[in-house]
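Let's take a guided walk through this structure together.

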Amino acid sequence: MTSRRTFLKAGVGAAVLGGAWLAKPGDSAAATDDYFNGISDVLNRAAISHPSLLVDLDRLDSNLAALNRFFQKQPDKTYRIVVKSLPSPALLDYIAERTHTHAYMVFHLPFLQALVKRRPDADILFGKPMPVASARAFYQSFDQTQQDFVPQQQLQWLIDSLPRLEQYLQLAKTQGQRLRVNFEIDVGLHRGGFNHPGQFRQALDLVAANPEHLQFAGLMGYDAHVSKLPGFLGEREFTRVQEKYQGYVEQIRQAYPHWLEQRLCFNGAGSPTFLRYGQVEWVNDLSVGSCLLKPADFDLPILNEFSPATIIATRVLKKQPNLGVPTQEWLGDVAAWWDPNQQVSFFIYGGKWLATPWSPPGLTFNGLYDSSNQQGLSGSRQVSLEVDDWVYLRPLQSEAVLLQFGDLLAIRGGQLLARWPILTGD
């Protein structure tokens, strides 16, 4: 049975649990820095009352400068904006204008429909294979006479298998369209895509046999797994990814060499890996999105030059001592004695976002009150936080979190400059 003996020696707490010594936690509270105090001033002056997601334009500009420095050294590579990671029309415009690109990767039919209306010059590649019903819905709703966007020239549908290609061929015949198709290849992630040379060749042959309905546009090989591997394993796997990718390119060369006489879209990478692609010959189209806002999941050594540029701001609704577990209130005193960071409970407006506490320092989520209505946080008595004060959380990712707060608040230099609507499913 676990021992319940507790010892205090020389003012330092420790406990014996099952024969193991546990050090008594220290107080993690610290002063709120000037950066977050300044943001609080911005929000208060603007009379913001509800949970909001902020985009720091000064930090975004710094991240864009880092991105541009890379692509300026790689003039043969196209920068493709990942829409799902930056799902606001004004934010996409801001990035496109400063990176001088009109290439986008989309993952959602309503986002495609919104983008072709707002940016009729867009070059669009789907980042995942869509149900053929989605493609059908796009063509049924698209009016070429009212829009300048030309799908036959500007839109690539992602194809991950021979059966899906056959579905899209039938759609093209039914709609009287010629569809540009980009083949997803499995370069090691094992999340679908062509992974057998025989089926890949059959798919190439099917495109070649139906030139009035299908046009081969290129390849997409996603390597998200590479950044998850440590040290030499990641380096070795990145080399293997490129070998697999080049193997598919060579198969195209052997089967239909004239296809390579035009510039095809050989897409790859992502925020965690795009900086590795400077010396990769065949991959000429790089998708990057999240690192421009740098949520916490992208705290990677390779992205040290990029800074966090998004912030969740919400107010404190309630503050009270740790009252323990319902029906077991005595546990509150025990927890607060053992760990000073559990002395006080705070409840915020909203919660359960994909995020982590950021400011003031010393806050942690309280698992007992894991609520999307009034999420609980714990901290010590030294945390400088009162009812109606602002709490700041750092998103773990951008693609889902940015859609949860309504208009994004664009701030710069202590000012709220704009409210940017998000893309919707309408």
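Where is Ala269 found? Ala269 sits in the loop between β11 (265-268) and β12 (285-288), where helices (H or I, at least four residues) and strands (E, at least two) are DSSP runs, numbered from the N terminus. Before going further, please note that this is a predicted model, in which local features need pLDDT of at least 70, side-chain atom pairs count only at pLDDT 80 or more, and totals for chains, interfaces and linings use all residues. Residues are numbered from 1 along each chain as its sequence is written, and side-chain values use heavy atoms, with hydrogens and water left out.

Back to Ala269: its phi is near 75°, a positive value in a residue other than glycine. Ala269 is buried, with a relative accessible area of 3%; buried means under 20% relative accessible area, exposed over 50%, and partly exposed in between (1.4 Å probe, protein chains only). Further along, Lys294 lies in the loop between β12 and β13, and its phi is near 45°, again positive in a residue other than glycine. Lys294 is buried too, at a relative accessible area of 6%. The backbone also holds a cis peptide bond, from Ser359 to Pro360, with omega near 0°. Pro360 belongs to the loop between β15 and β16 (364-365). For context, most residues other than glycine have a negative phi, and most peptide bonds are trans.

Now zoom out to the whole chain. The protein chain has 10 helices and 20 strands, and its C-alpha trace spans about 80 × 50 × 45 Å along the principal axes. Of its 426 residues, 52% count as buried. Among contacts (heavy atoms within 4.5 Å) with a separation of 6 or more, 69% come from residues 24 or more positions apart.

What are its buried residues? They are Phe36, Ile39, Ser40, Val42 and Leu43. Seen down the axis of α1, these fall within an arc of 160°, so they line one face of the helix; the arc is that of the directions from the helix axis to the C-beta atoms. The buried residues of α1 pack against strands including β4 (52-56), β13 (310-321) and β20 (415-420). On the face turned away from that buried side, α1 carries the exposed residues Asp34 and Arg45.

Leaving aside neighbours within four places in sequence, Phe238 is in contact with Asp223, Val226, Arg276, Tyr277 and Val280.

Our last stop is Ser88, in the loop between β5 (78-82) and α3 (89-99). Ser88 counts as buried at 0% relative accessibility. Beyond its neighbours within four places in sequence, Ser88 is in contact with Leu408, Trp420, Pro421, Ile422 and Leu423.
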